[in-house]
Amino acid sequence: MQKNLQTEVSQLLEEAGQFARQGKREKAYQSCLKATTVAPDESLAWYARSRNAPSREEQLMCLSRAYSLDPNDPETKKELHSAVHTLLKQEPFLAYVYETEQFYQVRSGRDLLVNIPKNRTFETPYLKKRPGLAQPAFRWLTFAVLALFLGGVGAVLFAPVAAFQALRLQASAPTDEERMRLLIVFILSVIIWLAAIPISWLLLIRFYPS
Amino acid sequence: MLVRALYLSALWSAISLFATLIMGSRLRRSDSALSLLWLTGVILAGNLVAIFTFGRLLEIFGLSLLAFIFGLYWIVRLRDWNAPGQVTWAMTLITTGLFVIYTFLLTAFSPLNPLSFVFALMFFFLEAITLMLALSHMHESLDVVCRLQWHRLVEKLEPVPGYIPMVSLQVPAYNEPVEVVEKTLNSLAGLNYPNYEVLVVDNNTPLQATWRPLEEICRKLGPNFHCLHLDQWPGYKSGALNFAVTQTDPRAEIIGIIDADYEVDPDFLRELVPAFANPQIAFVQTPQDYSDSTGDTFSESTYRGYKYFFEVSMPSRNERNAIIFAGTMGLIRKSVLEEIGGWDEWCITEDAEASLRILKKGYQSLYINRAFGRGLMPFNFEGLKKQRFRWCFGGIQILKKHWEALMPWAHWVDPENKLTLAQRYYYLVGGLGWFSDVFNLLFAFFLVLGAVFNLFSSPIKVRPLTDTVLIIPAVFLFLHILRFIWVLRNRLKVSVKMAVATMYNFFSLGWAVTLACIQGLVQREGVFLRTPKATTSSKAWRAVQVTQWETAIGVMCILAGLLAFGSDRNWRTFSLCILLIWQGSLYIAAPLYSLLSLKREAALGVPVRVSERGKPVMEQLAARWVVAFSMVLIGTFGLIRFLPSPAALPDYARFLPFDLSPGQTVGREPNATRTSPAIGTTLATATATLPSTLPSTVTAKATVTVESANCRAKPRTNGGRVTILYKGQEVDILGRNDDLKNPWWYIKIPDQDGNCWLWGMTAKMTGSVEEIPVVR
């Protein structure tokens, strides 16, 4: 079934190509239109339709669709950029609709939905960053540091918990980076613990000044 | 010995800094022999003072030897600096280090109850961090004024034949007045560079009437000018700039960011683009300059305040490839921007944040200290306050996100992190530096509390207020103020008056920075400051109203200081009063500058918009958090009095550093008795009125009945405190005054040599009054 569909689309696109070469734009467009109807998820069909589209708006819509189906095709990207550029020359208005890691979807001043490539690596946004493996250990370490500032007794208790968490998580650390991070947490916990002991002692002797 | 070492090193610091103030910028030769000579001279000069005041020869010799070795190390390390810079840095480090050790010992071994100790410990950490930040400022100042050899200084780039890459200049705009943007675009049209485009990115401007004319202007300026209006766009300026990257010409290799209110010099691109011929250069930054910087004190001091960053911080950072991308008037390689994922949309100082990620990838940056454009400064003090709030908030956001990448072990955790130690240091200090104003407010708060408790003669204390604790920070404060004025004068070429005005302009924004630091810590998303709404049409009243919190804090500090001194006139309350007046003046500067900015307002006429992004945070609401926190602190502080203080001098107090009196430090009392600061240190030492006859055997004793009691040099309330005695302490009575209705006991100080006067109402006497001799 899938194979038949591909064959049919290929035939339609080939036909469109021939019509285009003969200068029969309308017929070429009809073939492409049929191809996109038969296989709406075929980026090539949308790209071919864009090349024969009767209006700039439709050309933009088709390129946009082709791009969203195959964001890695350089030709589609290039032509989409050029089409958007032309559109913006006429009407420099774009409204935000949504975005993915690959593209923005925007609405033009003429109510066209256009996908625009981002062309950049995608870094997980700060707010959506997932907590790392070492987070529980880090949390206890933070408590230990705060407790150290407040007399040290809390740090004597929290630092070993942080160290224990770091050791426990070492076993399940998937990467060398995480393992190193946990090792650092462990070392810091030990240092804080060692610093907390004399400070706690200084606090505790104040309960028994004699 | 520690205290003597501390005073000696403070002397060295002061001498070397004074010498640096005079010679630091003039001595333009670097020579090891000269540095050694300078170091020896400073040490000997300090020793000379010490020998005739408080010093002991052997100690002085030992300390000098150590200081010499330490100084030698820094002379070798800082070969690019001149001798005054090297020696001042070494001496400042020694003094700071010794003071930190001193305050730790004082905190650790003072006879305090547990709650006082917790407060004292917090105060110690606060003090230590503040001193570290002060050191970083000192380093930066010396680095730019005393540096003789610059390794990365580029004054002018040589053109590279045939290298004319395409540049896309992006002009982000939000609700900008058309005439302002038009000037900017006209200046860009006149750029002396053949291959560039200009993309005006207007984001979320609500009225078509505001942004539509930009389209027309771009059309008139030619095919290289494009206009884009983004509606309902997320991510504020960085969101718009990220989208703008998708619309740059595919041939563009370099992106330039120009604020909508900047008029750019024709040579901007021609002069800077050659830097990108080096593929390692990822971004180039030039100073931001302003066209409306003259005419009144507010404008001029604000202008110098901005210049400080570009004349002092950036050159120093540039030496270590650690500059920040400051947005406008900077160029960035497009491929690198795409590689790092574009501008971060959560951060309100996306430019500085992006530069950190670029450096993290191992790229190079370049700072060229020559202004190529002039923009507009905030319209008035309110605008300046909001701008500073935004910068600080962004700085804290960066610190929150990247702190791990700035740690010394960062490279082990993330091998991809290519930040050098110096880069990590500069970015870390840059972020932490904002907290100086928070600490400053906390210090003011502690000082006010100290004054209030002193006013009510409350026995509450957090840490003994020893002479050293008063003298050394005062010396530090004085030296750092001098250093700040000196660096302003040297780098910005301003008069002393303007340097002081600039310094106060900086400090007047301390409250806004404090609020931003707190908000930056508790808020995840970007916020902007909304000052109190105007309740009057009077501009002057409005100017004061927007600084009501600063005014309140300033007045409180000054009043507390004056009242403390007025009620108990001695040199300690005098010092406290001076410190509080100084702190108060920093906050009082805010309403003053706000009023001064009225002149600027009147001259400019039309307000310049301050871009506000994120959700608003009401100043009143943010300030309430500060007030609530202060109340909690005061409440907890008050609890101290319900916990008993040590009844007698505890054993651990023997580890306390011995203090010197101010008299000893200036040589008036070379043989004065040393007393432990924990029991209150010596203003008058044990030089109380000497009795004509003292009994050979003690016939009476006094037991202190209050939490703590002052034992004085003379039998009166302003008789100069010699020491403090604690509840339950039993002392031998040697004599008394001749007024039995208001008795004062002349007692022997326990465990020490010396005597003092204890007020009868604070102690219970056992024995026969008749047998106690009257002392006159």
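1. Chain B as a whole averages a pLDDT of 85, and 91% of the residues score at least 70. The model scores ipTM 0.84 and pTM 0.84.

2. A word on conventions: this is a predicted model, in which local features need pLDDT of at least 70, side-chain atom pairs count only at pLDDT 80 or more, and totals for chains, interfaces and linings use all residues. Residues are numbered from 1 along each chain as its sequence is written, chains are lettered from A and ligands numbered from 1 in the order in which they are written, and side-chain values use heavy atoms, with hydrogens and water left out.

3. Next, a strand with two faces. Helices (H or I, at least four residues) and strands (E, at least two) are DSSP runs, numbered from the N terminus. In chain B, strand E13 (residues 700-704) has Ala700(B), Ala702(B) and Val704(B) on its covered face, while Lys701(B) and Thr703(B) make up the uncovered one. E13(B) runs antiparallel to strand E16 (residues 730-736), with 4 bridges joining them; strands pair if DSSP finds at least two bridges between them. Here Ala702(B) has Val731(B) as its bridge partner. Another 4 bridges join E13(B) to strand E19 (residues 763-766), also antiparallel, and there Val704(B) is partnered by Ala763(B).

4. Helix H13 (residues 381-402) of chain B spans 31 Å from its first C-alpha to its last, close to the 32 Å expected at 1.5 Å a residue; the expected span is 1.5 Å times one less than the number of residues. Of its 22 residues, 20 are buried. Buried means under 20% relative accessible area, exposed over 50%, and partly exposed in between (1.4 Å probe, protein chains only).

5. Which residues touch the most other members of the largest nonpolar core? They are Leu169(B), Leu185(B), Leu188(B), Phe268(B), Leu269(B) and Leu331(B), in a core of 159 residues. Helix H16 (residues 436-455) of chain B gives the most to this core, with 13 residues. A second, separate core of 66 residues includes Leu148(A), Ala50(B), Leu63(B) and Leu106(B). A nonpolar core is a set of buried Ala, Val, Leu, Ile, Met, Phe, Trp, Tyr and Cys residues joined through side-chain atoms within 4.5 Å.

6. Is Gln583(B) buried or exposed? At 6% relative accessibility, Gln583(B) counts as buried. This residue sits in helix H22 (residues 571-604) of chain B. Beyond four places in sequence, the contacts of Gln583(B) are Asn440(B), Phe443(B), Ala444(B), Leu447(B) and Cys557(B).

7. Phe52(B), by contrast, is exposed, at 65% relative accessible area. Its place is in the loop between helices H2 (32-51) and H3 (57-77) of chain B.

8. Finally, the aromatics: there are 43 aromatic pairs over all chains. Rings of Phe, Tyr and Trp (its six-membered ring) pair if their centres lie within 6.5 Å; planes under 30 degrees apart count as stacked, over 60 as edge-to-face and the rest as tilted. Tyr96(A) and Trp233(B) form an edge-to-face pair, 5.2 Å centre to centre with 75° between the planes, and this pair crosses between chains. Trp233(B) is buried, with a relative accessible area of 5%.

Conventions: pLDDT = per-residue confidence, 0-100. Contact = heavy atoms within 4.5 Å.
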